[in-house]
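Thanks for coming. I will take a few minutes to walk through one structure for those who have not seen it before.

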Amino acid sequence: MSQSVAPTPSLSAEVCVVGAGPVGGTLACRLAQAGIRTVVVDRAALPPMERPDFDGRAYAVAAGSKALLQAAGLWAVLPDAPNPIMDIRVSDGRLGRPASRLFLHFDHRQAGQDAGPFGWMVEARALRVALNALLNRLPALTVFAPAAVSVERHADGAVASVAGGPSIACRLVIAAEGRESPLREAAGIPVTRLPYRQTGIVSAISHALPHHDTALEHFLPGGPFAQLPMAPSPDAEAGGAANVSAIVWTERTPIAERVLALDDTRFAAEIARRLGGHLGAVHTVGRRWRYPLSALLAHRYIDTRLALVGDAAHGIHPIAGQGLNLGFRDAIALSDLLIAASRDGADLGAPALLRRYQARRRPDNLLMLAATDTLDRLFSNDSQVLRAARDIGIAAVHRMPRLKRAFMRQAMGLGGG
C-alpha cells in the first residue's frame, strides 16, 4: 500500500529578504509598511526581546538615513532617545603630542536651512529591540528565524524554500546576509577585496565633562580615532552615566591586539592619550569589540530576480563612519523603486527595475569606497611631507564655506547643494 506524503506548505509574497540585520530588517519593514507582502528569513535567531545589557555598540545614523527609519516605523519605537550629532571636529596629530593647530570644524547650522543634526547616535541594542518588535507586528510581514533557506531563481520568479518550513514563491529575493553572502556567491557575482592590515576597536566611555553633542575625528598614524556623543545611560555603569561617548578606533593590527589585552585602567589610559583632555577623566564602560578591516565591492549588485544590499554589496573603511549609512541608502533606493512599481502593478523583480537600482547605487558606493581608501592611505601614516600637506588641506577646507557645506551635506546624506 502506498503511503501519502504531505505536500510542502507554500506561501506567496512579492519580496523575500534574506537577512534580518539593520539593513535587511529595515528594508523589510519599509516594504511591509507600504503594503508589499514581504518575507524575512535569517539563519540566526532574533535576539531576545528583553532589554539586553549595555555593550558599548552604537550606530551613527546620518540625517538622510533617519527618514528611512521613520518610514519603516522604527524611529517611533526605539526604546531610547537617540543623541544628536550637532558638530564634528576633525584634527590631525601624533600620539602623545598636541593635535595640529590646523583643524576643521563642521557646525550643522552652516549646512543649509533644511539641515538639522549631522546624524544621531543610536545604540545597537535599541535598534535591535525596535526591529524585533516591528518585524513581528506588521501584517504584511512574515519572519522565519532561525531558519536555513535555499533559493531557486528563474526568469519569471523565485522560490525560497525554508528548511522544515514553507516554500515561498516571490518576485524578488534580496540578499542582506553580510559580507560573505551565500546568495551573492551562488549567483557567481565576483568581488574585489582590499585588506587594510588594521583592526577596528569599538567601545564606549563615560567621562566627567559633557560632550556638547560634538563628535571628534582625530587622524593618527595608526588610523583614525573617533569619539561620538551618546545619550546619557541609566545602565552603562552602576548608578547610570550622565556623559557617555562611543569610541571607534582604528589601529594597526599588532598594536590593536596588544591594546585589547590591557586591563580596564590601562585601556582607558590609552583612550585618553588619543582623546585629549577636553572630556575630563574617562572610564571604559560596556564591552570591547574588534573588527578586522577591509574593503569589499561586488562587481554587480543584481542577477536574475536578485538584488544585493548593504554589506553583501559593499564594505568600506570606517574612516568616514558611512558604512551602515551606505547600506541604508541602498534600502532607500530599492524600496522607492519597489514601492513605485507595486503602485503601478508592475513586476517587482523585472530586469529593468533591477538595472535602475544598480545604476542608482553602485557609482555612489564605488565613489565612497575610493574616497575612504584614499583618506586612509593619506592619513594613516607618519610622513612629514604628507602631514604638512593634509594639515594645509584641512585648514583650507575650513576656510572655504561652499566646499565645507558640500562636505557637510554629503555626511548628512542630503546630497550636494
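I will go through a helix, a sheet, some aromatic rings and then the charged pairs.

First, the ground rules. This is a predicted model, with residues numbered from 1 along each chain as its sequence is written; side-chain values use heavy atoms, with hydrogens and water left out. Local features need pLDDT of at least 70, side-chain atom pairs count only at pLDDT 80 or more, and totals for chains, interfaces and linings use all residues. Helices (H or I, at least four residues) and strands (E, at least two) are DSSP runs, numbered from the N terminus.

Start with helix α1, residues 22-33. Its 12 residues reach 16 Å from the first C-alpha to the last, close to the 16 Å expected at 1.5 Å a residue; the expected span is 1.5 Å times one less than the number of residues. Is α1 mostly covered or mostly uncovered? Mostly covered: 10 of its 12 residues are buried. Buried means under 20% relative accessible area, exposed over 50%, and partly exposed in between, with a 1.4 Å probe and protein chains only. Among the buried residues of α1 are Val23, Leu27, Cys29 and Arg30. After the helix comes Gly35, with a positive phi near 85°.

Now the sheet. Four strands form an open sheet in the order β1-β12-β11-β10, with mixed pairing. Two strands pair if DSSP finds at least two bridges between them. β1 (10-12) and β10 (149-154) stand at the edges with a single partner strand each, so one side of each has no neighbour in the sheet. β1 and β12 (residues 167-170) run parallel and are joined by three bridges. In β12, Ser167 is the bridge partner of Ser10.

Next, the rings. Rings of Phe, Tyr and Trp (its six-membered ring) pair if their centres lie within 6.5 Å; planes under 30 degrees apart count as stacked, over 60 as edge-to-face and the rest as tilted. The count by this rule is four aromatic pairs. Phe225 and Trp249 make an edge-to-face pair, 5.8 Å centre to centre with 65° between the planes. Phe225 is in strand β16 and Trp249 in strand β17, 24 residues apart. Trp249 is buried, at 1% relative accessible area. Trp249 also pairs with Phe267: the centres are 5.9 Å apart and the planes at 25°, so this pair is stacked. Phe267 sits in helix α6 (residues 264-275) and is buried, at 0%.

Last, the charges. A salt bridge is a side-chain nitrogen of Lys or Arg within 4 Å of a carboxyl oxygen of Asp or Glu. How many salt bridges does a search of the whole structure find? It finds 16. One of them joins Asp235 and Arg125, with the closest N and O atoms 2.8 Å apart. That pair links parts of the chain 110 residues apart, Asp235 being in the loop between β16 and β17 and Arg125 in helix α3. Asp235 is partly exposed at 30%, whereas Arg125 is buried at 5%.

Arg171 and Asp347 form another salt bridge, at 3.4 Å between the closest N and O atoms. Arg171 lies in the loop between β12 and β13, and Asp347 in the loop between α7 and α8, so the pair ties together parts 176 residues apart in sequence.

Arg361 and Asp364 form a salt bridge at 2.7 Å. These two are three residues apart in helix α8, about one helical turn.
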